[in-house]
Amino acid sequence: MKKIILTIVSLLLVLPLAVSAHTTVKTSTPTEGEEITQELTELFIEFAGEIEDQSTMTLTKKTEEQSFDTVTVQGSKLIGTFNRPLTNGSYVLSWQIAAKDGHILTGEIPFTVNLPATEEENTTNKESDTLIDEEAEASSDEESNQNDKEETTSVEEEQTSPQPETNAKEATNNSSFVTIIITILFLLLIGGVWILFRKKR
């Protein structure tokens, strides 16, 4: 009975050690939740024990996968490299390893890259801002010129619009003058006829 109890106790003590032996990430670059402020072209994870060569890792920025240029296993290290430094943003480094005891293990290490703007980027941003300001100023000038043209056209239309009214008044005056002349001639005709009939009597 004592042997059975000792065996169970021994298994309970040994089992957690065996499990932890192939589940420990010893160190990594970057670490979980780290904010990277320097150029980064190599990422690695070092495990507590050696891992098999088929172990691999992937990197995603938001939902877009970033393809490593190389992924290698060196003893207990899983190393991924890029030819160019990672750009600013949030990343998740996902790894999958095969431990020497045959267990397949996976995990994720989220981190962010927040590189300071370089002098070249600052210059580019300034040039971009200047270009935007110039375009905005040119657009404002164009709108101002367009408004001036519209105001000038409106004034010209106002100046030319009274002309038909003047013509109408002149036509009315001419019509009245003709009417008066006709009336006078008619009265003179009636007066002449009346005088002619009176002389005949």
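This is a predicted model: local features need pLDDT of at least 70, side-chain atom pairs count only at pLDDT 80 or more; totals for chains, interfaces and linings use all residues.
A nonpolar core is here a set of buried Ala, Val, Leu, Ile, Met, Phe, Trp, Tyr and Cys residues joined through side-chain atoms within 4.5 Å, where buried means under 20% relative accessible area, exposed over 50% and partly exposed in between, with a 1.4 Å probe and protein chains only.

Residues are numbered from 1 along each chain as its sequence is written, and side-chain values use heavy atoms, with hydrogens and water left out.

The protein chain has three helices and nine strands, in the order α-β-β-β-β-β-β-β-β-β-α-α from the N terminus on; helices (H or I, at least four residues) and strands (E, at least two) are DSSP runs, numbered from the N terminus. Of the 201 residues in the protein chain, 16% are buried. Among contacts with a separation of 6 or more, 58% join residues 24 or more positions apart, a contact being heavy atoms within 4.5 Å.

Five strands form an open sheet with mixed pairing, in the order E2-E9-E8-E4-E5. Its edge strands, which each pair on one side only, are strand E2 (35-36) and strand E5 (64-66).

| Strand pair | Sense | Bridges | Example of facing residues |
|---|---|---|---|
| E2 and E9 | parallel | two | glutamate 35 and threonine 112 |
| E4 and E8 | antiparallel | six | threonine 58 and serine 94 |
| E8 and E9 | antiparallel | ten | glycine 89 and valine 113 |

The hairpin of E8 and E9 has five residues between the strands, and there glycine 102 takes a positive phi near 95°. Strand E9 has a covered face made of Leu105, Gly107, Ile109, Phe111 and Val113, and an uncovered face made of Ile104, Thr106, Glu108, Pro110 and Thr112. Phenylalanine 111, on the covered face, touches residues that include Leu43, Leu59, Leu86 and Leu93, not counting residues up to four places away in sequence.

Alanine 98 lies in strand E8 and is buried, with a relative accessible area of 5%. Although alanine 98 and isoleucine 51 are 47 residues apart in sequence, their C-alpha atoms are 5.7 Å apart in space. Beyond four places in sequence, alanine 98 touches Ile51, Glu52, Gln54, Ser55, His103 and Ile104.

Glutamate 46, found in strand E3 (residues 42-47), is buried yet has no salt bridge, and the nearest side chain of opposite charge, lysine 26, is 4.1 Å away. A salt bridge is a side-chain nitrogen of Lys or Arg within 4 Å of a carboxyl oxygen of Asp or Glu; Lys and Arg count as positive and Asp and Glu as negative, whereas His and the chain ends are not counted. Glutamate 46 touches Val25, Lys26, Thr27, Ser76 and Lys77, again leaving out residues up to four places away in sequence.

An unreviewed UniProt entry places the feature "transmembrane region" at residues 177-197; UniProt positions are given in the numbering used here, feature names are shortened, and annotations may be inferred rather than shown by experiment. In the model, residues 177-197 are 100% helix and 0% strand, and their end C-alpha atoms lie 30 Å apart.

Key: Two strands pair if DSSP finds at least two bridges between them.
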